[in-house]
Amino acid sequence: MNDVHAASFDLNLFAVFAAVYRRRNLTLAGGDLNLSQSAVSHALGRLRVRFDDPLFIRQGNVMEPTALAETIAPGILSGLEMLDGAVRDMGNFEPSEAQRTFRIGMNDYGGAIILPALTERVRAEATGVSLHIVHTTHEERLRMLEEGEVDAVLGCHPVSGRHILSADLLRDREACVMRADHPLAKGVLEPARFDGVPFIALSLSVSGKHVLYSVLDKAGYALAPVVTIQQELAVPELVRSTGLAGTMAERLARRTVHGDELSIRPLPFPDAEFTLRLFWHASRDAEAGQRWMRDCIFEAAAALPPLGPCVELTHL
C-alpha cells in the first residue's frame, strides 16, 4: 500500500469514499455530493492510487467494497461525522432557528409509544426540524450507527460496539394477546401451555427468534410459529382475524387492544421483561443538535406513566 497520511489527504476524497460506501452506486453517491458520475469516478481513481487497492468492485449495478474498504470504512465514516459535528452550528444549536432532519431508528413499538410525544415536543420547539424514522433489525443497528445512516436508535436488544453509547428509556414486558375463546385466555400461563401451540411470533431479528423461544427451550418445550413478523402493530388484527395467539409489548397492547373481543395477559417469565434503550455513536455525542434531540427523546419517555406490577389485563 502507498504511504497514506490523513494530513496530506484531500478530505473531499474521504467524502466520496463515504458516499460510495453508503450508496454502493456512483450515480447515487454523486447525487448526494452534488457531483457528476465522472467526477465521482475520477475521485475514486485517486483513492485507488493512494490506497493501492480497488476499494470498490462493480458487480452489475452495485459497487461492492473490497476487504480493505470494509476495514477502513468505520474510521473514515466516524471521522467525517466528528468533523461535521465540530463545525455544524459552530458548536451551538438553536431549535427555533434550526433547519435540519434527524434520522432515528425505531420499530413499531417506539413509533407508537415514544414518537407521538417526541413529535409534539419537536414541533413545539423547532418547526424547521423534521424526523426521519427508519425501521431496523437487531443486526442492522450497529452498522447504521457506525456508518452515520441514523443519528440514534431505540431498541431493547443491546447494540455492542467500541464507540456506541446508550441510556435507559423505560421498562416493559412481553404480553400474550389472544381472543377471548382461546385456550390460553384462562388458567395459569406456564411454559408447558405454549408447547406446540400455533402462534404469531414477533421478532426484530433476521433469525426470527423471539423471547419465548429461549424460555420454552430451557423448559424443554417448543414454540410452533405459524407466522413470524416484525410489524408489532399488526399483531392485534392478526389475532382477531386468525384466532391465533400472539405476543407484543404490554404497553403497546394496552394502547391498541380495544373492546372485549381480545384478552391481554403478561407473560409470567423473567425473560419477558425488557428495557427500551437509546443508542448513539460517540461521534455524535457532543454535537449540540444531537444532544438536544436526545434530550427530547429522554423527556418523551420520562413523561410516560410507569408500567406497574405484573397483573392480569383482560377484557373478559
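Predicted model: local features only at pLDDT ≥ 70, side-chain atom pairs only at ≥ 80, totals over all residues.
1. Start with α1 and α3. Helix α1 spans residues 11-23 and helix α3 spans residues 37-51. Their axes lie 9 Å apart and meet at an angle of about 110°. Angles of 65 to 115 degrees count as roughly perpendicular, and α1 and α3 are therefore roughly perpendicular to each other.

2. From α1 come L13, V16, F17 and V20. From α3 come V40, A43, R46 and L47. By class, the contact of α1 with α3 has 7 nonpolar residues, no polar ones and 1 charged.

3. Next, α2 and α3. Helix α2 covers residues 26-33 and packs on α3 at an angle of about 100°. The axes of α2 and α3 are 8 Å apart. The angle makes α2 roughly perpendicular to α3.

4. Here α2 contributes L26, T27 and G30, while α3 contributes Q37, V40, S41 and L44. The class division for the contact of α2 with α3 is 3 nonpolar, 4 polar and no charged residues. Note V40 of α3: it is listed in the contact with α1 and in the contact with α2.

5. Now the largest pocket. Its space comes to about 630 Å³. The lining has 24 residues, and R22, E81, D84, G148 and R284 are the closest to the centre.

6. Which elements each supply at least two residues of the lining of the largest pocket? They are α1, α2, α4 (67-87) and β3 (100-105). By class, the lining of the largest pocket holds 12 charged, 7 nonpolar and 5 polar residues.

7. Last, the hairpin. Strand β1 (residues 56-59) pairs with strand β2 (residues 62-65) in the antiparallel sense, over 4 bridges. The hairpin of β1 and β2 has 2 residues between the strands. In this hairpin, G60 takes a positive phi near 70°.

Key. Residues numbered from 1 in each chain as written. Heavy atoms only, no water. Axes fitted to C-alpha atoms, helices over the stretch in contact; angles between N-to-C directions. Parallel < 35°, antiparallel > 145°, perpendicular 65-115°, else oblique. Contact = heavy atoms within 4.5 Å. Nonpolar A, V, L, I, M, F, W, Y, C, P; charged D, E, K, R; others polar. 1 Å grid on protein atoms, 1.4 Å probe; cavity = no way out; pocket = protein on both sides within 12 Å on 5 of 7 lines; lining within 4 Å. Points joined across faces, edges and corners; volume = space filled by probe spheres on them. Pairing = 2+ DSSP bridges.
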